[in-house]
Amino acid sequence: MDLGITGKTALICASSRGLGRGCAMALAKEGARVIINGRDADRLIQTAAEIRAATGAEVIAIAADVSTKEGRNALLTAAGEVDILVNNNGGPPPADFRELTHERLIAGLEANMLTPIALVQAVIDGMVERHFGRILNITSASVKMPLSGLDLSSGARIGLTGFLAGVARQVAHANVTINNLLPGSIDTDRIRSLDARLAAESGATPQAMRDKREAAIPARRVGTAEEFGSACAFLCSAQAGYITGQSLLIDGGAYPGVL
Ligand SMILES: NC(=O)c1ccc[n+]([C@@H]2O[C@H](COP(=O)([O-])OP(=O)(O)OC[C@H]3O[C@@H](n4cnc5c(N)ncnc54)[C@H](OP(=O)(O)O)[C@@H]3O)[C@@H](O)[C@H]2O)c1
């Protein structure tokens with residue numbers, strides 16, 4: 001299926017590795033011009049070369065901290081008119097909620113709620129004027145099924161989801177959609193480091209933690225960044241214009257609810 005996004009400009013935040021990289025690769029395969037981002041410049045340049053080689057797409061790499069105003073300005077300046085915005089960022093490290101200081105709470109809100117809102121504010125009027133816009137927020141399955149130790153992550157992402165639920169209805173008339181992708185367990189550095197941390201705490205091996213994780217998922221495996229990117233590309237497609245304000249779990253059936 002031709003997704004109808006050839007030549008569109010896609011800004012994918014935090015995309016040098018993991019889920020963001022999967023989204024950037026999938027959008028580039030569909031012919032979008034992609035702006036990718038991460039703080040480690042060497043890693044980012046390597047990813048840009050890989051995406052170019054795999055897709056032939058125009059790839060612009062901006063090394064910047066997306067949680068800062070300067071970083072966001074650098075991304076927006078490089079992108080110009082943004083047709084597709086994929087909001088993504090690092091997640092807060094796991095912590096007992098009692099240990100979260102005011103500063104850590106504010107940093108979590110900045111990274112996973114206020115940063116995506118600022119980027120939406122920056123790009124949305126242009127999308128409305130041009131009568132095309134696709135905004136996706138990479139949040140987490142923990143929005144629907146809280147995980148202890150990730151309370152700040154869940155709270156900030158639920159705040160973002162609630163904020164943008166209202167915004168989505170204000171721009172739907174202009175073919176601008178806002179949706180959320182909720183990863184369960186997708187095979188990335190983040191999941192590998194969480195498993196290593198759990199292993200260190202419990203005295204088990206990281207592989208034992210991976211086995212335990214996979215046994216609890218109905219699909220009996222973790223997902224891939226490619227699968228995640230494919231879902232992203234479809235929700236950014238011309239055909240997805242009637243899907244807005246939704247949260248799509250990508251979790252191999254791990255969430256046990258009916259709805
Ligand atoms: N993987 C999963 O199964 C899963 C499940 C639930 C939720 N999530 C959430 O989904 C998001 C992406 O996860 P992931 O698994 O893809 O993580 P990852 O493999 O650790 O990749 C994170 C990416 O974000 C970049 N990044 C981090 N902080 C940044 C910042 N301040 N500015 C710019 N770039 C930044 C990293 O590059 P640099 O380090 O070079 O900056 C890297 O490219 C996270 O918020 C995570 O909590 C993931």
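How do the residues of the shell around the ligand divide into nonpolar, polar and charged?

Modeller: This is a predicted model, in which local features need pLDDT of at least 70 and side-chain atom pairs count only at pLDDT 80 or more, while totals for chains, interfaces and linings use all residues. Residues are numbered from 1 along each chain as its sequence is written. The shell around the ligand divides into seven nonpolar, 14 polar and seven charged residues (Ala, Val, Leu, Ile, Met, Phe, Trp, Tyr, Cys and Pro count as nonpolar, Asp, Glu, Lys and Arg as charged, and the others, Gly among them, as polar). Of the 28 residues around the ligand, those that come nearest are Ala14, Gly18, Gly90, Gly91 and Arg190, a residue being near if its C-beta atom, placed from the backbone, lies within 6 Å of the molecule. At least two shell residues each are supplied by α1 (18-29), β2 (33-38) and α6 (189-202), where helices (H or I, at least four residues) and strands (E, at least two) are DSSP runs, numbered from the N terminus. Because domain 1 (9-185 + 226-247) and domain 2 (187-222) both give residues to this shell, the ligand lies between them; the domain bounds come from an automatic or database domain assignment.

Turning to α1 itself, its axis and that of helix α8 (residues 225-235) come within 7 Å and cross at roughly 55°, with axes being lines fitted to C-alpha atoms, for helices over the stretch in contact, and angles running from 0 to 180 degrees between N-to-C directions. The contact includes Gly18 of α1 and Phe228 of α8, contacts being pairs whose C-beta atoms, placed from the backbone, lie within 7 Å. The residues of this contact divide into nine nonpolar, four polar and two charged.

Conventions:
Two residues are in contact if their C-beta atoms, placed from the backbone, lie within 7 Å.
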